[in-house]
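Have a look at the structure first, then read on.

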Amino acid sequence: MTAGRGVWITLEGGDGSGKTTQANLLAGWLTDAGHGVLRTREPGGSEVGELIRNIVLHHRGDIAPRAEALLYAADRAHHVATVVRPALDRGEVVLQDRYLDSSVAYQGAGRVLDGDEIRELSLWATEGALPDLTVLLDLDPEAARERLDSDDKPFDRLEAEKTEFHSRVRDAYLRLADAEPERFLVLDAAASADEIAAAIRVRVESLLG
Ligand code: TYD
């Protein structure tokens, strides 16, 4: 991001691609190296955000696609203003599960809204804030489904969508990464957690200078 002295890293990928595992590994490594680390996520990541998260993930019944997109954007606006920017201004490394690329992929390609409009909406919401690095854990939706099925947790609204929805989400992510190769690091989520963690560390080391 342009303002602030910290480093902002987001993790993206389909449900079940291992983002949380990688965020935890990277947070541990950065903390051991003496960096101040803020772990956060969208949706959620602030008190208001947790309320919005509850609606978008657990509301029973339909939410109109544009309303869903606006709820994610509202969460993002508040999160960036009250959590992310202050942490970057303090010089911390912000390690975040999901950001605007999730909206372009899920609300844009998944719900078939206009991806460019969704991106513009998020950029308006955050006054143009973009991460220094976005790690995309790319996984075939069938493999992701197997991972989620072996988990005990019930599916949330988005996870319950069909494989076709998740294929569109994956394709959208890959297009976003192609369009901004300097921001994205794309890794095969089928590799071992240790291999993925090592590849992320190489890139993060070069960012931290
Ligand atoms: P979460 O429980 O954080 O899942 P995961 O472990 O897969 O990250 O749920 C987040 C869900 O919200 C996920 O299915 C993707 C969806 N989502 C959107 O549809 N749009 C967005 O802008 C964001 C941030 C998330």
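## A salt bridge and a ligand site

Asp97 and Arg39 pair up in a salt bridge, with 3.6 Å between their closest N and O atoms. (A salt bridge here means a side-chain nitrogen of Lys or Arg within 4 Å of a carboxyl oxygen of Asp or Glu.) The two partners are 58 residues apart, with Asp97 in strand β3 (residues 93–97) and Arg39 in strand β2 (residues 37–41). In total, the structure holds eleven salt bridges.

This is a predicted model, where local features need pLDDT of at least 70 and side-chain atom pairs pLDDT 80 or more, while totals for chains, interfaces and linings use all residues. Residues are numbered from 1 along each chain as its sequence is written, and side-chain values use heavy atoms, leaving out hydrogens and water.

Now for the ligand. What surrounds it? There are 15 residues in its shell, and the closest are Asp15, Arg53, Arg98, Ser103 and Gln107; to count, a residue needs a heavy atom within 4 Å of the ligand. Seven of the shell residues are charged, five nonpolar and three polar.

| Side chain | Distance to a ligand oxygen |
|---|---|
| Lys19 | 3.3 Å |
| Arg76 | 2.9 Å |
| Arg98 | 2.7 Å |

The protein covers 90% of the 540 Å² of accessible area that the ligand has on its own, going by the Shrake-Rupley method with a 1.4 Å probe.

Terms used. Polar contact = N/O pair within 3.5 Å; in protein donor to acceptor, adjacent residues only side chain to side chain. Nonpolar A, V, L, I, M, F, W, Y, C, P; charged D, E, K, R; others polar. Helix = DSSP H or I, 4+ residues; strand = E, 2+ residues; numbered from the N terminus.
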